[in-house]
Amino acid sequence: MAKSSVLGYPRIGADREWKKALEAFWAGKLEESEFHGQLQEIRLNHLRKQREKGIDCIPVNDFSYYDHVLDTAAMFGIIPKRFSYKGGVVPLSVYYGIARGTKDATASEMTKWFNTNYHYIVPELDGSLPAITENRPLIAYREAKEKLGIEGKPVIVGPLTFLKLSKGYKASETDTWLERLLPLYVRILQELASEGVQWVQIDEPILVTAISADDLRRLKTIYETFAASVPNLNIMLQTYFESVENYSDIVALPVQGIGLDFVHGLSGNLTSIKELGFPADKVLGAGVIDGRGIWKASLREKLDLLEEVAEFVTSDRLIVQTSCSLLHVPVTVNNEASLLTELKGALAFADEKLEEVILLTKAVSSGEAIIVDELEKCESALQALKRSGERNRNDVQQAVASISAQNPERHLPFSERHLIQQNKWQLPLFPTTTIGSFPQSAEVRKARQLWRKGEWTNEQYAGFIREQIDLWVKLQEEIGLDVLVHGEFERTDMVEFFGEKLAGFAFTQNGWVQSYGSRCVKPPIIFGDVAFNEAMTVEETKYAQSKTELPVKGMLTGPITIMNWSFVREDITREQIAYQLAYALRQEVEALEQAGIGMIQVDEPAVREGLPLKEQEQANYLAWAVKAFRMTTCTVQDTTQIHTHMCYCEFHDMIDSIEAMDADVISIETSRSHGELIQSFELNTYKLGIGLGVYDIHSPRIPRVEEMSNMIERVLRVLDPKLFWINPDCGLKTRGFEETIDSLRNMVKATQIARAKH
Ligand code: GLN
Ligand code: ZN
């Protein structure tokens, strides 16, 4: 008999009750004991739900008070020195201090969990010796057993992954750190074994990346040590997000089960199994239900896949499971009341995925006849979406096929455009500008709410937005900026705003997923062919331009960013989706140009987020991402200046691609990359217009003139002064009113000093 398993369940709750509890506790509105009680209730509910659906291997210790990597660090007492932690169980004040900072100590860095939109807290191995503070997996296991009688499967971040994701130590110290950590892991596992735990899931997603020979050696040491010290505990060595590298080494490890991703790593993992077989003494965790996507699985296809897999493993050694933790998908489709029927019918969030796992497990064990009704229902739901008008727009498909067959190129190369544009715009040396948004004050948010609730008419709301634009156009002139923006007051979010106006998008009411800590996002769903309906930004931009003699930059979100921050359909490739978006946005660019806007910024902060984990796939992705940007922007006149903006650091290895986007000006976040970016521009002799952000907008601190002057001088040693712009790192929408004005004033002063010098 095959078994069913889940690798992790969302923490946030169907109503985001987890988020609400955390925030209430942080705000001092919830006593600590009550807080623990609320979180326990949420946690137990999630376990009950999985039991009710019939899942055999229910994960425990996947729940967290913030982040599971931070939990692992806290379990080992790995607390940065600046938090003056004295040993013992880590108090919540220290735990949340690391995650969010305190008044005396900055928070630990947060970074993307592989190629997902989830961010974990980076452990800092800063020298203090690790020691177990409490056996968290054991506590979670006991709780499930005592409260619910559930025989849970503790989930633990594996030692190799934990080490590779940590920072603060030199590569040469890796073995030392492993020697320190390994005995602690062993003790955790031994205690689990003596408690009677049958299976643990040890997550090693690092194994889907290219690991070195040294790490492979470490991997062997780790699992041989476990096998020798805890022989009676079953270990499921779990990988996800891609196919494993080093398949034969991994399946030869002395563990009882290997978990593979048969969704995102399907072809690699399947090929490995077929060519190299699967060890007869091991259990295979077959991750066939997509833990990251929102679509209903085709049960038919999954059964065929499981049948292929079953040639290499007997059904009593097969576990049907999700491809990764369900952390990355919303909780349930049930409460969605306003989606198109054919869309809703084709969605499966976490709870619906539990059902899919169960159905497949049943069919594998007892033959497919047992789910014949469900098979049929599933196929007809998928067919309905496939046939829907939204997915079959010939106009879009033909236009996109024809323009994507061309090489999108501006009429003139940058060197010539640049002169023509300089001539037209007559900008001073080091033109100053901002990234687009100005503070979204309580007043702005309130106005939007009133309008959304219907208490304000469209006219009232539009009037309010115009007043904000008036105010900020005046302020920008007074401050002395050279290129103005309208301020983006009408936008809550840079993706949602466009998604609501383009065809092919849908918005859920409750489709939240955790992004980091208590922060949740509700990504739009691109489910149909994307199409331009009507101008989206022209009115506000034109209005702002009518109020000033200075140029106003139009402001759009680029195709790749819109795509990477949405859930997307899977019947066509991401490349195709990007081109559809590009074609739609191109029409907006053209509409702006026609309305007399001669500078247009197309933001692409999220290009890096879509970078494939496998190195060999990265170049191809970057090539079509660049092409999509060029498709969006290539049809404008020579005099029209195309800007773009990128942030979230780590662009230093992508500069060739950034250059290939061929934007006349790029503004890029610099402050947080500590000069690394400047260095890489030096090496690459970037030839287009560029504004390296001169101050960090993530902090309320007002940057001093000298700081920015230093930054400017540093940049000018590397970049051609004629191509250099001066701007903040990113949009200012989260900043306060006064501090924004003061900071920009200082920025303009620093610019004037630089102009006098050069
Ligand atoms: N134009 C957007 C803004 O200023 C850019 C935001 C971003 O890069 N994330 O808010
Ligand atoms: Zn930005």
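These are my notebook entries on a few places I looked up in this structure, which is a predicted model.

**Entry 1**

I began with strand β9, residues 283–289. I found it mostly covered, with seven of its seven residues buried. Next I looked up its partners. Strand β8 (residues 257–261) is joined to β9 by five bridges, and the two run parallel. Within that pairing, Gly259 has Gly285 of β9 as its bridge partner. I then followed the chain from β8 to β9: the path goes through helix α10 (residues 266–276), and this β-α-β crossover is right-handed.

Strand β10 (residues 318–322) is also joined to β9 by five bridges, again in parallel. Here Gly285 stands opposite Ile319 of β10. From β9 the chain reaches β10 through helix α11 (residues 299–310), in a β-α-β crossover that is right-handed.

**Entry 2: helix α15**

I asked which residues of helix α15 (residues 394–404) are buried. They are Val396, Val400 and Ser404. Seen down the axis of α15, these buried residues fall within an arc of 40°, so they line one face of the helix. On the face turned away from the buried side I listed the exposed residues Asn394, Asp395, Gln398, Ala401 and Ser402.

I then looked up what the buried side meets. The buried residues of α15 pack against β14 (525–531), α22 (574–594) and α23 (615–633).

**Entry 3: the sheet that holds β14**

I found it in an open sheet of three strands, in the order β11-β14-β16, with mixed pairing. The edge strands are β11 (503–506) and β16 (567–568), each of which pairs on one side only. Two bridges join β14 to β16, and these strands run parallel. One bridge partner I wrote down is Phe567 in β16, which belongs to Ile525.

**Entry 4: strands β19 and β20**

In strand β20 (residues 689–692), Gly689 and Gly691 point one way, Ile690 and Leu692 point the other way, and all are buried. In a regular strand the side chains alternate between the two faces of the sheet. Strand β19 (residues 665–668) is joined to β20 by four bridges, and the two run parallel. Ile668 has Leu692 of β20 as its bridge partner.

**Entry 5: two positive phi values**

Most residues other than glycine have a negative phi. Ser84 has a phi near 35° and sits in the loop between α3 (68–75) and α4 (92–100). Phe430 has a phi near 50° and lies in the loop between α16 (414–425) and α17 (442–452).

Is each of the two buried or exposed? Ser84 is exposed, because 11 other C-beta atoms lie within 10 Å and the cut-off for exposed is 12 or fewer. Phe430 has 21 C-beta neighbours inside 10 Å and so counts as buried, the cut-off there being 20 or more.

**Entry 6: ligand 1**

Last, I asked how many residues surround ligand 1. The number is 13, and the closest are Ile435, Gly436, Ser437, Pro605 and Gly731. Sorted by class, this shell has six nonpolar, four polar and three charged residues.

Notes. Residues are numbered from 1 along each chain as its sequence is written. Chains are lettered from A and ligands numbered from 1 in the order in which they are written. This is a predicted model: local features need pLDDT of at least 70, side-chain atom pairs count only at pLDDT 80 or more; totals for chains, interfaces and linings use all residues. The arc is that of the directions from the helix axis to the C-beta atoms. Two residues are in contact if their C-beta atoms, placed from the backbone, lie within 7 Å. A residue is near a molecule or strand if its C-beta atom, placed from the backbone, lies within 6 Å of it. Ala, Val, Leu, Ile, Met, Phe, Trp, Tyr, Cys and Pro count as nonpolar, Asp, Glu, Lys and Arg as charged, and the others, Gly among them, as polar. Two strands pair if DSSP finds at least two bridges between them. A crossover is right-handed if, with the strands pointing away from the viewer, the path from the first strand over the helix to the second runs clockwise.
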